[in-house]
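Subject: Structure handover and notes

Hello,

Please find the structure below.

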Amino acid sequence: MSNGLLTFGLGWMCVSALLGLYLGIKHLGMSARLDAFAQNGSLADYHREYIGFRERVTVHAHGFLFSTVCIGIALALPKMAYPAWAISALALLLMAATVVWSLGAFARIRPLMGLGDFMFLGALVGAALGMARTLL
């Protein structure tokens with residue numbers, strides 16, 4: 001399952017990179033729109049545009065972060081003192097948490113983001129305990 005999690009992490013990095021390219025292209029026209037909103041005194045439109053863009057950037061950044069964590073844990077999985085079923089469950093939980101959080105953030109569904117956060121935190125704790133068990 002280590003190879004599966006490693007492949008997922010690298011694949012999700014590609015997804016995040018594509019989102020970053022899209023955001024970079026979108027950013028080219030954003031300054032002009034923000035300037036126009038500022039000149040028109042439309043503070044609400046300015047903030048809506050700016051915050052909407054920043055929320056997408058957060059999805060991009062977290063996608064890379066979650067991917068990096070998946071890759072790191074994938075490299076550690078073979079060393080963990082867990083049975084094969086627990087290793088598989090841990091890897092699947094990390095993959096699911098990454099997708100759930102990303103979809104929730106992209107759709108701006110906070111409860112889904114929270115679920116993804118708790119799933120990811122649970123997987124991190126599980127990975128830490130799996131490594132700690134090797135010390136016993």
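How many disulfides does the count come to by the rule used here? A disulfide is taken as a pair of cysteine sulfur atoms within 2.5 Å. By this rule the count is zero. Cys-14 is in no disulfide, and the nearest cysteine sulfur, which belongs to Cys-70, is 14 Å away. Cys-70 is likewise in no disulfide, with the sulfur of Cys-14 as the nearest, at 14 Å. Cys-70 counts as buried, at 0% relative accessibility. Buried means under 20% relative accessible area, exposed means over 50%, and partly exposed lies in between (1.4 Å probe, protein chains only).

Before the rest, a word on how to read the values. This is a predicted model, in which local features need pLDDT of at least 70 and side-chain atom pairs count only at pLDDT 80 or more, while totals for chains, interfaces and linings use all residues. Residues are numbered from 1 along each chain as its sequence is written, and side-chain values use heavy atoms, with hydrogens and water left out.

Overall fold

The protein chain has four helices and zero strands, and along the sequence the pattern reads α-α-α-α. Helices (H or I, at least four residues) and strands (E, at least two) are DSSP runs, numbered from the N terminus.

The C-alpha trace spans about 65 × 25 × 20 Å along its principal axes. The radius of gyration of the protein chain is 19 Å, whereas a compact globule of 136 residues would have one near 14 Å. That radius is taken over C-alpha atoms, and the globule rule is 2.2 Å times the number of residues to the power 0.38.

Of the 136 residues in the protein chain, 35% are buried.

Contact means heavy atoms within 4.5 Å. Among contacts in the protein chain between residues at least 6 apart in sequence, 73% join residues at least 24 apart.

Salt bridges

Side chains of opposite charge can pair when their charged atoms come close. A salt bridge is a side-chain nitrogen of Lys or Arg within 4 Å of a carboxyl oxygen of Asp or Glu. The structure holds four of them.

One joins the side chains of Glu-49 and Arg-33, at 2.8 Å from N to O. This pair links distant parts of the chain, since Glu-49 is in helix α2 (residues 43-76) and Arg-33 in helix α1 (residues 2-40), 16 residues apart. Glu-49 is partly exposed, with a relative accessible area of 22%, and Arg-33 is partly exposed as well, at 31%.

Another salt bridge pairs Arg-48 with Asp-45, whose closest N and O atoms are 2.1 Å apart. Both residues lie in helix α2, three residues apart, which is about one turn of the helix. Arg-48 counts as exposed, at 54% relative accessibility, whereas Asp-45 is partly exposed, at 27%.

Glu-55 and Arg-108 also form a salt bridge, with 2.3 Å between the closest N and O atoms. Glu-55 lies in helix α2 and Arg-108 in the loop between α3 (84-106) and α4 (110-133), so the pair ties together parts that are 53 residues apart in sequence. Glu-55 is partly exposed, with a relative accessible area of 22%, and Arg-108 is partly exposed at 41%. Salt bridges link Glu-55, Arg-108 and Arg-110 in a network.

Which residues does Ser-67 contact, leaving aside its neighbours within four places in sequence? They are Gly-9, Trp-12 and Met-13. Ser-67 lies in helix α2 and is buried, with a relative accessible area of 0%. The C-alpha atoms of Ser-67 and Phe-8 are separated by 7.8 Å, although the two residues are 59 apart along the chain.

Ser-16 is found in helix α1. Ser-16 is buried too, with a relative accessible area of 4%. With neighbours within four places in sequence set aside, Ser-16 is in contact with His-60, Gly-63 and Phe-64.

Regards
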